[in-house]
Amino acid sequence: QIADSVEYLERAQGIVRGHELIDSQAIRGFGFSGLLIPLFAVAELVGLERTVHIVHAAQALQIALALALAWATARLGARLGGRACGVAAAGVVAFSPIVLRWGVEPVSGIAPALFLVLGLQRVLDARSTRDGALAGLWFGLALMMAYQAILVVGAILLAVGARDLLGKRRAEGGRAVVGAALTSLAGLVLLQCVFDWLYYGTFGISV
């Protein structure tokens, strides 16, 4: 295990057991460790003492996220360019050396990529503020996993806003979709800030 994955695991374990990390001062968002919390909660519930089984479960979770990323990419590619495009896009993702390396290691990176693709799927076909809000939730979850996702989210929302304003859609509708996405995104950012306050004692320190 690399140090980062150990830290995510230890942070999740610390939250379940109610103690702080003693060997790391890194400021990280709550998101990815939050995905690992149920593994430790179940282990505590059944009295599992060997944490190696929890590590294996975390690796299995990461593999599931990587497979879901390939599947979501296939759907997005098929939506944009047909079935062959979807299969090709999924292949590029599934056989990427980066995904093959980090798709088996419990670190943040795969999870936000999945949420970004799901958000992009939703916002491309957005016809209402509900679609925009759901896209914003996916983008917010990506940001909670890794704050660097804000760069991708910002680019997507700018592109979608420009498309809706300059394309065939009414400007009012375009603004409403982007506004709904930004509102739900801001809600999850605020939630992340609250988690920071509860865990680190400082509001929004990881953001």
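Arginine 17 counts as partly exposed because its relative accessible area is 45%, where buried means under 20%, exposed over 50% and partly exposed in between (1.4 Å probe, protein chains only). This is a predicted model, in which local features need pLDDT of at least 70 and side-chain atom pairs count only at pLDDT 80 or more, while totals for chains, interfaces and linings use all residues. Residues are numbered from 1 along each chain as its sequence is written, and side-chain values use heavy atoms, leaving out hydrogens and water.

Let's follow arginine 17 to its partner. It forms a salt bridge with glutamate 44, with the closest N and O atoms 2.8 Å apart (a side-chain nitrogen of Lys or Arg within 4 Å of a carboxyl oxygen of Asp or Glu). This pair links distant parts of the chain, 27 residues apart: arginine 17 sits in helix H1 and glutamate 44 in helix H2 (residues 31-46). Helices are DSSP runs of H or I with at least four residues, numbered from the N terminus. Glutamate 44 is partly exposed, because its relative accessibility is 42%.

The structure holds four salt bridges. Another one joins arginine 11 and glutamate 7 at 2.6 Å, N to O. Both lie in helix H1 (residues 3-17), four residues apart, or about one turn of the helix, and both are buried.

Arginine 101 and glutamate 105 also meet in a salt bridge, at 3.3 Å from N to O. Here arginine 101 is partly exposed because its relative accessible area is 37%, whereas glutamate 105 counts as buried at 7% relative accessibility.

Key:
Helix = DSSP H or I, 4+ residues; strand = E, 2+ residues; numbered from the N terminus.
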